[in-house]
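User: Please take a close look at one part of this model, the open sheet and the contacts that surround it. I would like a connected account with the criteria stated.

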Amino acid sequence: QVQLQESGGGLVQAGDSLRLSCAASGRIDANYAMAWFRQAPGKEREAVGGITWSGGGTIYPDSVKGRFTISRDYAKKTVYLQMNSLKPEDTAVYFCAARGFGDATYNHWGQGTQVVVSS
């Protein structure tokens, strides 16, 4: 079993920065892939970025490239999402997810952390 716990969300103003953390525990190892997703009210969930414990990370949507960075600390079993120059359209619940080696989908999810960006 894998447990994921997000933290770091909050209410900020446009232009501010936040760093989200995802602490992983349980049966997770270096073969797992990790990712951040977000879901805004009335919108579908979208992938924000993915990373492996042993490799580099990738930010997916063009809307956040250059502003968001994903990183990880394997010793702490923690994945981070650094969000800079936040915009109101970044308002969403941000979820951390994990996918085991050989799994086709992300099948372990955290409970989410709310990010609200005011204009």
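Analyst: Strand β1 and strand β3 (residues 18–26) run antiparallel and are joined by 6 bridges; strands here are DSSP runs of E of at least two residues, helices are runs of H or I of at least four, and both are numbered from the N terminus. Two strands count as paired if DSSP finds at least two bridges between them. Within this pairing, Gln-5 stands opposite Ala-23 in β3.

The model is a predicted one, in which local features need pLDDT of at least 70 and side-chain atom pairs count only at pLDDT 80 or more, while totals for chains, interfaces and linings use all residues. Residues are numbered from 1 along each chain as its sequence is written, and side-chain values use heavy atoms, with hydrogens and water left out.

The pairing of β1 with β3 belongs to an open sheet of 4 strands, ordered β1-β3-β8-β7 with antiparallel pairing. Its edge strands, each pairing on one side only, are β1 (2–7) and β7 (68–73). From one strand to the next, the twist averages 15°, with axes taken as lines fitted to C-alpha atoms (for helices over the stretch in contact) and angles running from 0 to 180 degrees between N-to-C directions.

The sulfur atoms of Cys-22 and Cys-96 are 2.0 Å apart, where a disulfide requires two cysteine sulfur atoms within 2.5 Å. The link is left-handed, with -75° about the S-S bond, and a search of the whole structure finds 1 disulfide. Both Cys-22 and Cys-96 are buried (under 20% relative accessible area, with exposed over 50% and partly exposed in between, for a 1.4 Å probe and protein chains only).

A further group of contacts involves aromatic rings: Phe-37, Phe-95, Tyr-106 and Trp-109 are linked by ring pairs into a cluster. Rings of Phe, Tyr and Trp (its six-membered ring) pair if their centres lie within 6.5 Å, with planes under 30 degrees apart stacked, over 60 edge-to-face and the rest tilted. The structure holds 4 aromatic pairs; one of them, Phe-37 with Tyr-106, is edge-to-face at 5.5 Å centre to centre and 75° between the planes. Phe-37 lies in strand β4 (residues 33–39) and Tyr-106 in the loop between β9 (92–99) and β10 (108–109), so this pair ties together parts 69 residues apart in sequence. Phe-37 counts as buried because its relative accessibility is 12%.
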